[in-house]
Amino acid sequence: FTLAAYSILPIQHPNTPHHSTLSTTVVNARSAKGLSLSAYILETLSYAITLAYSYRNAFPFSTYGENLFLTIQNAIITTLISFYPSKSSRLSGTSTNPLGAILTFIGMLAGAAALSIVPKDMLALLQMATFPLSVFSKLPQILQNYRARSTGQLSTFAVGSQVIGCLARLFTTATEVGDPILLFGFVLALVLNVVL
């Protein structure tokens, strides 16, 4: 989970003259250019499901602690992406979208509440659903990067930290838990982060 903390610590981004986190970069630029809202919503949901599944199965914190920080980080970034307008709304004169950000945040809180009360057998099915969620959460960002020929506000350091984090989670899951559902999910996340 230390690697997740590094991904929200100050980083140098080419578009900013000083050290900042991805969320600070978005706020300072007043733009979420290059960041896919659908990708972050799906990725946040996937992280939250894995967090709930691991916590409710009483796995050691070392096997899922990073997901706690990644879920919080992604929830903040997702809210910021909702808050800042797309190019089309910027042309219409809208500078921010507070209602979109509020609705996104309320939706994430409702999802967290649902994950805390859903039966454990249903939670295991949801954990298996993180496989396609992982694919569909990364594809929009990969396609957006490809089309733009740029990563926009997306940080190479943050993605690199996710790759290293996936490697660490593979190790801790294999040695401390041995849950094949979690293990496959982390292998898939590693492959997608490497592509990204």
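**Notebook: salt bridges and a surface patch**

I began with the charged side chains of this predicted model, and I found that the structure holds two salt bridges.

Entry on Glu43 and Lys138. I looked up this pair and noted that the two side chains meet in a salt bridge, with 2.3 Å from N to O. The pair links distant parts of the chain, since Glu43 sits in helix H3 (residues 37-56) while Lys138 sits in helix H7 (residues 120-148), and the two are 95 residues apart. I then checked the accessibility of both partners, and I recorded Glu43 and Lys138 as buried.

Entry on Glu66 and Arg169. I found that Glu66 forms a salt bridge with Arg169, and that their closest N and O atoms are 3.0 Å apart. Glu66 belongs to helix H4 (residues 65-83) and Arg169 to helix H8 (residues 156-177), so this pair ties together parts that lie 103 residues apart in sequence.

Entry on the nonpolar surface. I turned next to the surface, where I found a nonpolar patch formed by Leu99, Ile102, Leu103 and Ile106, which together have about 400 Å² of accessible area. I located Leu99, one of the residues in this patch, in helix H6 (residues 98-117). Is Leu99 buried or exposed? I recorded Leu99 as exposed, because its relative accessible area is 55% and the cut-off for that word is over 50%.

Note on methods
Residues are numbered from 1 along each chain as its sequence is written. This is a predicted model: local features need pLDDT of at least 70, side-chain atom pairs count only at pLDDT 80 or more; totals for chains, interfaces and linings use all residues. Side-chain values use heavy atoms; hydrogens and water are left out. Patches are made of residues with over 30% relative accessible area and no salt bridge: like charges are joined within 9 Å, nonpolar side chains (Val, Leu, Ile, Met, Phe, Trp, Tyr) within 5 Å. Accessible areas come from the Shrake-Rupley method with a 1.4 Å probe; for residues, only the protein chains shown count as cover. A salt bridge is a side-chain nitrogen of Lys or Arg within 4 Å of a carboxyl oxygen of Asp or Glu. Helices (H or I, at least four residues) and strands (E, at least two) are DSSP runs, numbered from the N terminus. Buried means under 20% relative accessible area, exposed over 50%, partly exposed in between (1.4 Å probe, protein chains only).
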